[in-house]
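Here's a quick tour of a protein fold, written for someone meeting one up close. Take a look at the sequence and the 3D view, then read on.

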Amino acid sequence: MSKIALFPGSFDPLTNGHLNMIERSTLLFDKVIIGVFVNTNKTALFSLEEKLIFIKEAVAHLENVEVIVQEKKLTVESAEELGANFLIRGIRNIKDYEYEKDIARMNHHLAPHLETVFLLADETYGHISSSLLKEMLEFGGDVSEYLPQSVNRALNQKNREMKRNEE
């Protein structure tokens, strides 16, 4: 039986922390599917199509990775359709753990055969989040070391456009 994992997230934007998790996951699973999902609790900066392009470019060097977009389904439903038997979730801190633990329990209730695997963030990236990076950029901070190059360019361009629209 192949070990297929789904790594779901909004990836708005994809960070080097996400990329590190993806790269590490490819060593554990036969196939890793990156699922670009809609987070109903957040207003997205990038469209699903833009995120799909960024992620595909960032993971092009990884042979056992596939990237999909999912707008209207529960994660467990997508996992079942894709043949995934694992969900990958990243943990940076105790706050993430508490949040992810509840989601993992609900997912297990909905799909008992689907196992959630928590990966601890590499200490290099454990302090960053997409939200924090967007806030730093808003106030003129340099976020380039935390993002793949194409994402950094797009995020800076998006920030410039938003500032022009505010004027």
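This is a predicted model: local features need pLDDT of at least 70, side-chain atom pairs count only at pLDDT 80 or more; totals for chains, interfaces and linings use all residues.

Residues are numbered from 1 along each chain as its sequence is written, and side-chain values use heavy atoms, with hydrogens and water left out. The part to find in the picture is an open sheet of five strands, in the order β3-β2-β1-β4-β5, with parallel pairing. Helices (DSSP runs of H or I, at least four residues) and strands (runs of E, at least two) are numbered from the N terminus. Two strands count as paired if DSSP finds at least two bridges between them.

**The sheet**

- The edges belong to β3 (65-70) and β5 (115-120); each has a single partner strand, so one side of each is left without a neighbour in the sheet.
- From one strand to the next, the twist averages 30°. Angles like this run from 0 to 180 degrees between N-to-C directions, using axes fitted to C-alpha atoms (for helices, over the stretch in contact).
- β2 (residues 31-37) pairs with β3 in the parallel sense over six bridges, and Gly35 stands opposite Ile68 in β3.
- β1 and β4 run parallel and are joined by two bridges; Ala5 has Phe86 in β4 as its bridge partner.
- β4 and β5 also run parallel, joined by six bridges, and Arg89 has Phe118 in β5 as its bridge partner.
- Five of the six residues of β4 are buried, so β4 is largely enclosed by the rest of the structure. Here, buried means under 20% relative accessible area, exposed means over 50%, and partly exposed is in between (1.4 Å probe, protein chains only).
- Val117 lies in β5.
- Leaving aside neighbours within four places in sequence, Val117 is in contact (heavy atoms within 4.5 Å) with Phe29, Phe86, Leu87, Ile88 and Arg89.

**Helix α3**

- The buried residues of α3 are Thr75, Val76, Ser78 and Ala79. They cover an arc of only 160° around the axis, which puts them on the same side of α3. That arc is taken from the directions from the helix axis to the C-beta atoms.
- What do the buried residues of α3 pack against? Their partners are β1, β2, β3, β4 and α4 (94-110).
- Just after α3, Gly83 takes a positive phi of about 80°.

**The nonpolar cores**

- A nonpolar core is a set of buried Ala, Val, Leu, Ile, Met, Phe, Trp, Tyr and Cys residues joined through side-chain atoms within 4.5 Å.
- The largest one has 33 residues, and those with the most contacts inside it are Ile22, Ile34, Ile55, Val59 and Val65.
- At least two residues of this core come from each of β1, α1, β2, α2 (48-58), β3, β4, α5 (130-138) and α6 (149-166), and α2 gives the most, with four residues.

**Helix α6**

- At 1.5 Å a residue, the 18 residues of α6 should span 26 Å, and its end C-alpha atoms are 26 Å apart, which agrees. The expected span is 1.5 Å times one less than the number of residues.
- Buried residues of α6 include Ser150, Val151, Ala154 and Leu155, and what covers the buried ones includes α2 and α5.
- Asn152 in α6 is buried too, with a relative accessible area of 14%. Beyond residues up to four places away in sequence, Asn152 touches Val143, Ser144 and Leu147.

**The loop between β1 and α1**

- Is Phe11 buried or exposed? Phe11 lies in this loop and is buried, with a relative accessible area of 3%.
- Phi of Phe11 is near 45°, a positive value in a residue other than glycine.
- Pro13 lies in this loop as well, and the peptide bond from Asp12 to Pro13 is cis, with omega near 5°.
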